[in-house]
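Work through the exercises below with the sequence and the model open. Each task is followed by a solution in steps.

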Amino acid sequence: MTDMISRTSAPWLRADTQALINGLLISYQRAFAQPLLVCNQSGPFHRTAAQELFASPIAVLAHDHRADPLLTYVNSTALRIWGHSWHTMVGMPSRLTAEESEQRERANALQQAHQSAGFRGYSGIRINQEGRRFMIHNARIWPLWDDNNEACGQAAAFSNWWWI
């Protein structure tokens, strides 16, 4: 992973990304009544949480709330699976994480997660930068909430996947 991202330019440690991670973790707790990460600190999550989430073996991605959402966060596991760098994956349309033939099913799962304030058990086929297809299984998808209790995006996490 160090060849994809310089240690001196860790974008997941910027203040704006730490705020996004804070919201992501709080929204996960709200959706599933359990923490995504166990952090030994009270109050808002900070640099330690950002480092732990980025290094987590669970793939975690988030996108904004646009009509065609753009990825706003991707941890190292997701970067490795999709074969991208932070700078090429963050900012790309999140629909591109799936083949065109799979995008409708993906959109339906995102809609279901939004309507139910969190969804467990999603499975679907994805494609990486090199065109390799893989199955994700038992993913969790949840809405991201801002400080005004408005939906501002969605996130997904999964640890079960395989190449197909």
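**Exercise 1. The lining of the largest cavity**

Task: Find which strand supplies the largest share of the lining of the largest cavity, and describe the lining by element and by class.

Solution. 
Step 1. In this predicted model, strand 5 gives the largest share of the lining, with four residues.
Step 2. At least two lining residues each come from strand 1, helix 5 (103-116), strand 3 (119-127), strand 4 (133-145) and strand 5 (151-158).
Step 3. Sorted by class, the lining has 13 nonpolar residues, four polar ones and two charged ones.
Step 4. A search of the whole structure for cavities of 30 Å³ or more finds one. The largest cavity holds about 230 Å³ of space. It is lined by 19 residues, of which Leu61, Thr97, Arg106, Leu110 and Ala156 are the closest to its centre.

**Exercise 2. The whole chain**

Task: Give the order of helices and strands along the protein chain, then explain why the chain is judged as compact as a globular protein of its length.

Solution. 
Step 1. The protein chain has five helices and six strands. Their order along the sequence is α-α-β-β-α-α-α-β-β-β-β.
Step 2. For 164 residues the globule rule gives 15 Å, and the radius of gyration of the chain, 15 Å, is close to that value, so the chain is as compact as a globular protein of that length.
Step 3. The C-alpha trace spans about 45 × 40 × 25 Å along its principal axes.

**Exercise 3. Confidence**

Task: Where does pLDDT stay under 50?

Solution. 
Step 1. Mean pLDDT for the protein chain is 90, and 90% of the residues reach 70 or more.
Step 2. The stretch under 50 is residues 1-7, for which the model has 11 contacts beyond four places in sequence.

Terms used
Residues are numbered from 1 along each chain as its sequence is written. This is a predicted model: local features need pLDDT of at least 70, side-chain atom pairs count only at pLDDT 80 or more; totals for chains, interfaces and linings use all residues. Side-chain values use heavy atoms; hydrogens and water are left out. pLDDT is the predictor's confidence in each residue, from 0 to 100. Contact means heavy atoms within 4.5 Å. On a 1 Å grid over the protein atoms alone, a cavity is a set of points where a 1.4 Å probe fits but cannot get out, and a pocket is an open set with protein on both sides within 12 Å along at least five of seven lines; lining residues have an atom within 4 Å of a point. Grid points are joined across faces, edges and corners, and a volume is the space filled by probe spheres set on the points. Ala, Val, Leu, Ile, Met, Phe, Trp, Tyr, Cys and Pro count as nonpolar, Asp, Glu, Lys and Arg as charged, and the others, Gly among them, as polar. The radius of gyration is taken over C-alpha atoms; the globule rule is 2.2 Å times the number of residues to the power 0.38.
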